[in-house]
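Colleague: Hi! Could you walk me through this one?
Modeller: Happy to, let's look at it together.

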Amino acid sequence: MNYLFTHLPQVGIYTLQHLALVGTSLIIALVIALPLGVYAARQRRVGRPLLGVLGAIYTIPSLALLAVLVRYNGLGFWTPVIVLVAYAQFVLVRNIAQGLLGVDPAQLDAARGLGLSSAQRFWRIEVPLALPVMLGGVRVATVSMIAIATLAAYASAGGLGTFIFEGLSRQYPAETLAGSIPAAILAIAVDALFRGIERAVTV
Amino acid sequence: MTFTRRTAIASLGATLLLPACAGRGGGANAVAVGSKNFTEALVIGEIYAQSLEAHGFTVRRRLNLGSVQICMAALQHGDIDLYPEYTGTGLIDVLHHAPMQDPAAIYRTVKSEYKKRFNATWLDPSPMNDSQGIVATQAVARRYGLKTLSQLATAAPQLRLAAIAEFLGRQDGLPGLQRVYGGFHFKDVKTYDAGLKYDALLHGDADVAQAFTTDGQIGANNLVLLEDDKHLWPPYNVAPVVRLDALKAHPQIATVLNGIAPMITDVAARSMNYAVDHGKQDPATVAAQFLKEHALH
Amino acid sequence: MSDPASAGAPVRFESVTVRYPNADRNAVDDVSFAIPAGSFTVFLGPSGCGKSTLLRTVNRLVVPRNGTVFVDDADVAGIAPERLRRGIGYVIQAVGLFGHMTVAANVAVVPELVGWDRQRVSARVDELLALVSLDPARYRNRYPRELSGGEQQRVGVARAIAAQPPVLLMDEPFGAVDAIVRSALQDETRRIARSLKTTILFVTHDVDEALRLADRIVVLREGRLVQYDTPLAILSAPATEYVERLLDTHDVVRRLTLLRARDAMRTQTGTTSGSIDAGASLRESLNAFLQGAENLAVTDDGATIGVLAFDDIRRALHP
């Protein structure tokens, strides 16, 4: 614990780097996952194999994926971002599709019959009704991104993993804790935040 | 403390600037030095970096890389110009070559293969050999008359082994010992975290422990490293792997790093590893101390 | 559509045929008939007879393979679906209230879509909730999940008629509520229909419900129109054996219960000794005669609309 407090400025920097990695990845991941999730829900024949592929990506060991990407994209910030975006796709796309497929068909039929256009049905009816399930996906994806982002340290991209892996290799638990405690706090805080939002939007 | 804080602030600044200067290299005399992320790699990476700096290079450190695959990927992508690697690792993990025993032959093989496949080369290897091994306390070694692994193979049923988990499954771990030496059926095998297996050994919870031959605890606790008399484990001499393009641009890299290669011995490596792992010293500090002692600064 | 107090619009089907992909027969097969403005028309038949499909061609939720549907004498195929639907109320069995919106927001959906200002929408919401017998102050801000099945469907009806559509489609709207609630909802539907003058197209497989509500009944079988007439005419002269069986037209007691005073009365005036509501069954009317009445004044909302005599009942039962 002492190490954590004597290195507070560095802890702060690594935490900010960590947040930058996760935040950037989350935004990019959502931009990709939203259309994919909608598509998977609309075209179930495509959705199933798509989720299969994303699930397969999800099972690639992240370190191996990171190494492959460094070869083409180099070290630094963006390579771990690509890894995080790739890993998040499975959970995000799955939950976005599940959320949309879980919308009560009667409400959609009513919306159509009342004269809402397809865009109005999507934004005013489907998205709000699917939101709790979608947000559940965002929560799980973000928490796991916080964990996986520690790997950024392996590719010279900083973050709290720097403390963790340095501490592990130097067999210096205090240093490992200086990375893992803030990461855990971050994960718990993000989890609580999203749970709160989920509750607020659940009907 | 002041030093730690200063390095913390410096690296703080550096990490903040990282995205800004994400391009490769820097000035005319800029070299990017990488290393893997364990103690010995970090220290040797620092030794390379600081000796290059002492000769007027501007060094960009990309230490702490996660695996040999990431180091090679970064080298091929041009993010790093050089990094310390073990000849055995290059042979087996990178080239997927069958294990070999002769250090000179291994070095020749990796050097020519790296040139062909990766447009990279190996500078002069150091005498330091970070291979695997089995260690025993002086007392246990005396009681069971242990000097070699052949002797241990027969004595094993009376003894308890402490090892990291992957040692039990890997072909160059316990199964390899059983294949090459026969025997090696320990009374008990317990797995430990890398750091804790020495505690187990010193507290008498185990009689022998799997080790890496430059582990700091070997020298610090005067442990006996048993001789691999049937040569299960290939040599793991350390040497800089350098991109040929970088070497062409800065031929002086070879002069500088070949100059310090002979100083990096098993004994030096063990004491530096110990200073970092147990003395809680910074790898950079330990490397600076090493270079000062060897009058290279 | 523009005049809020507008009367209903006529609806006309011309050779309408619908076939679903992969089906081996037409869901609706060459159906033609015309529904006068402001009438209450029930589509009756067993499940699979095509009644819902036919209903859904009116607001283009189903597109016919052949034929034309006219609303207010305009081919619906020529009207943008969203615009068309905003002018046609739609109530379904599953109700489909939007779960994330309050009762008021649900009712306000279509008025807001067609651009009513906030005040007018708010006033209309209260007016409608009162119309469907829900106290606006209590129900306005509730969520659908806080309502009973019957209350939900009342809101569903309010939502459908919010923007004063000239045509209202109701697809088995009371199929999912229990018998007592259904009966109350039927009474209210009749009352609302009278006050709105909207053309109502109502789908059911429940013969009692059809006879209770309909001005006219369309009997469908396997996608074809079998008979289209008033309840009395259908009961009196079933077109086919199928209609006879479906409505059980031979059972005199049953017919007494199903037919209403309205169906058997003569629209004339005369001396009367007592009065009866237009919606009362002939069984109730017969009861009045048995207790000594001679001629009954038939009243609707307090106004006398005709006269019913004992002979009229006999005529209705044995045409």
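Colleague: How much area do chain A and chain B bury between them?
Modeller: About 2,400 Å², with 57% of it on carbon and sulfur atoms. Buried area is the accessible area (1.4 Å probe) that two parts lose on being put together, summed over both. A:Leu75, A:Arg170 and A:Gln171 supply 26% of what chain A buries against chain B, more than any other three residues. This is a predicted model: local features need pLDDT of at least 70, side-chain atom pairs count only at pLDDT 80 or more, and totals for chains, interfaces and linings use all residues. Residues are numbered from 1 along each chain as its sequence is written, chains are lettered from A and ligands numbered from 1 in the order in which they are written, and side-chain values use heavy atoms, leaving out hydrogens and water.

Colleague: How many residues does the contact take from each chain?
Modeller: Chain A gives 27 residues and chain B gives 34 residues (contact means heavy atoms within 4.5 Å).

Colleague: And how many salt bridges across that interface?
Modeller: The rule finds zero between chain A and chain B; a salt bridge is a side-chain nitrogen of Lys or Arg within 4 Å of a carboxyl oxygen of Asp or Glu.

Colleague: New topic: which residues does B:Tyr114 contact?
Modeller: Leaving aside neighbours within four places in sequence, B:Tyr114 is in contact with B:Met72, B:Gly90, B:Val94, B:Leu95, B:Asn119, B:Ala120, B:Trp122 and B:Val241.
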